[in-house]
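Please examine the sequence and the structure shown below.

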Number of protein chains: 2
Amino acid sequence: MTVEEASGPPTARGRRSREAIVAAAAELMEARGIAATGIGDVLRASGTGKSQLYHYFDGKSDLVLAVIDHQLERVLAAQPALAGHDVRAWAASLWELHRDGGGPFPCPLGVFSSQVDDDERWRAHQSGAFARWQERIAGLLARGQAAGNVDPTREPADLAVVVLAAVQGGLMLARLHRDLHVLDLALGAAVDLVRAG
Amino acid sequence: MTVEEASGPPTARGRRSREAIVAAAAELMEARGIAATGIGDVLRASGTGKSQLYHYFDGKSDLVLAVIDHQLERVLAAQPALAGHDVRAWAASLWELHRDGGGPFPCPLGVFSSQVDDDERWRAHQSGAFARWQERIAGLLARGQAAGNVDPTREPADLAVVVLAAVQGGLMLARLHRDLHVLDLALGAAVDLVRAG
């Protein structure tokens, strides 16, 4: 049972306060890395007090799990086309996200993968977050199969893994080379991998 | 001109000493991250003196560039099949590297990509290292085209980007999920992406 569960259902104000802490922590950890972000930094950035933070979280380790959930929600919220049946439209919408204002960007969730490797609790949580993203892609692909634009002979769950690998590797290389064309190639490949016929 | 260039051609002993420093730094930075590795850690791990290290490197920033080169050489040396013409054999050899002894492993070069994002000199060097890897893959694919087992209608350089993206994303997800099957799927997809017919 977490501290939060012990204290009963949170109020709306409590939820906002908790969310402000998580959002500040997420921004810092995304920019500087998990290891370089201390509880003190999060308190200063969120303008919350120590006792308030410890009301919601056992400590930094607990906060990292909430940050991973927060990043997953951001990532999924930015991809409404995941609820559709058109893989090509989804890939195009991803590309749009990275086209302007300093993109291609690192993946807000993917950047943590190498940083959670040594902490089994963090790693399992990050793995679970990616599994949820993969499930959403598998749903898109299954609807694509029903619509006739995705290869019907492959398991949507298997295809979802290779599509997400192409997206993650493509974002990593595009960001590294500061070259949007790389993302274009990787997303095109992801679409090619799943298409019917 | 670097310190090393200024001091004339290195002796065999000098090369070994420099290499020992770089190997120790690479091991530490791969395990802990670049930010968490100080010059003092490298001196202790390599058993070299401060003046010796500063004979070869201006400082940590310089050492990071040498570590990136070192990791690229390790990565390429582990893939002799890159010199061939058989993409499938190359993919199978990659899979073998990750099958035993605690694999799937993180990519020794790829793990640095998110860590060099804020330092333009490091990022450009890491980008150059990945460009060299891509060139080697493009060579493999061009020979595969000549041998008739790679799609002749695509540019080898473009295909190399999507293949390396699949490998990097596949390694990231396989390591995260601690699941070799994920690497299997990603490498299979990379082979599918380039094959003729």
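**Domains, chains and local features**

Between domain 1 of chain A and domain 2 of chain A, the count is five residue pairs in polar contact (both at pLDDT 80 or more). A polar contact is a pair of N or O atoms within 3.5 Å; within protein, one must be able to donate a hydrogen and the other to accept it, and residues adjacent in sequence count only if both atoms are side-chain atoms. Helix 2 (12-32) and helix 5 (60-77) of chain A each supply at least two residues of the side of domain 1 of chain A that touches domain 2 of chain A. Helices (H or I, at least four residues) and strands (E, at least two) are DSSP runs, numbered from the N terminus. Helix 5 of chain A provides the largest share of this side of domain 1, namely six residues. By class, the residues of that side of domain 1 divide into six nonpolar, two polar and two charged. Here Ala, Val, Leu, Ile, Met, Phe, Trp, Tyr, Cys and Pro count as nonpolar, Asp, Glu, Lys and Arg as charged, and the others, Gly among them, as polar.

A few conventions apply throughout. The model is predicted: local features need pLDDT of at least 70, side-chain atom pairs count only at pLDDT 80 or more, and totals for chains, interfaces and linings use all residues. Residues are numbered from 1 along each chain as its sequence is written, chains are lettered from A and ligands numbered from 1 in the order in which they are written, and side-chain values use heavy atoms, with hydrogens and water left out.

The two domains of chain A may now be placed. Domain 1 spans 3-68 and domain 2 spans 78-194; such bounds come from an automatic or database domain assignment. Their centres, taken over C-alpha atoms, are separated by 28 Å. Ten residues from domain 1 of chain A and twelve residues from domain 2 of chain A take part in the contact, where contact means heavy atoms within 4.5 Å. Together the two domains bury about 1000 Å², 69% of it on carbon and sulfur atoms. Buried area is the accessible area (1.4 Å probe) that two parts lose on being put together, summed over both. Which three residues supply 57% of the area that domain 1 of chain A buries against domain 2 of chain A? They are Ile34(A), Leu65(A) and Ile68(A), which supply more than any other three residues. The rule also finds one salt bridge across this interface, a salt bridge being a side-chain nitrogen of Lys or Arg within 4 Å of a carboxyl oxygen of Asp or Glu. Arg121(A) forms a salt bridge with Asp62(A), and their closest N and O atoms are 2.9 Å apart.

The next subject is the interface of the two chains. In it, 38 residues of chain A are in contact with 37 residues of chain B. The chains bury about 2800 Å² between them, 65% of it on carbon and sulfur atoms. Four salt bridges are found across the interface of chain A and chain B. Arg175(B) forms a salt bridge with Asp117(A), with the closest N and O atoms 2.8 Å apart. The rule also finds ten residue pairs in polar contact across the interface of chain A and chain B (both at pLDDT 80 or more). Helix 7 (120-147), helix 8 (156-177) and helix 9 (180-194) of chain A each supply at least two residues of the side of chain A that touches chain B. Helix 8 of chain A gives the most to that side, with 14 residues. In terms of class, the side of chain A that touches chain B has 19 nonpolar, eleven polar and eight charged residues.

One residue of helix 8 of chain A is Gln168(A). Is Gln168(A) buried or exposed? Gln168(A) is buried, with a relative accessible area of 6%; buried means under 20% relative accessible area, exposed over 50%, and partly exposed in between (1.4 Å probe, protein chains only). Leaving aside its neighbours within four places in sequence, Gln168(A) is in contact with residues of both chains, including Trp133(A), Gly169(B) and Met172(B).

Finally, the backbone has two local features to note. A cis peptide bond, with omega about 0°, joins Gly103(A) and Pro104(A), and Pro104(A) lies in the loop between helix 6 (87-99) and helix 7 of chain A. In chain B, the peptide bond from Gly103(B) to Pro104(B) is cis, with omega near 0°. Arg178(A), in the loop between helix 8 and helix 9 of chain A, has a phi near 50°, a positive value in a residue other than glycine. At 34% relative accessibility, Arg178(A) counts as partly exposed.
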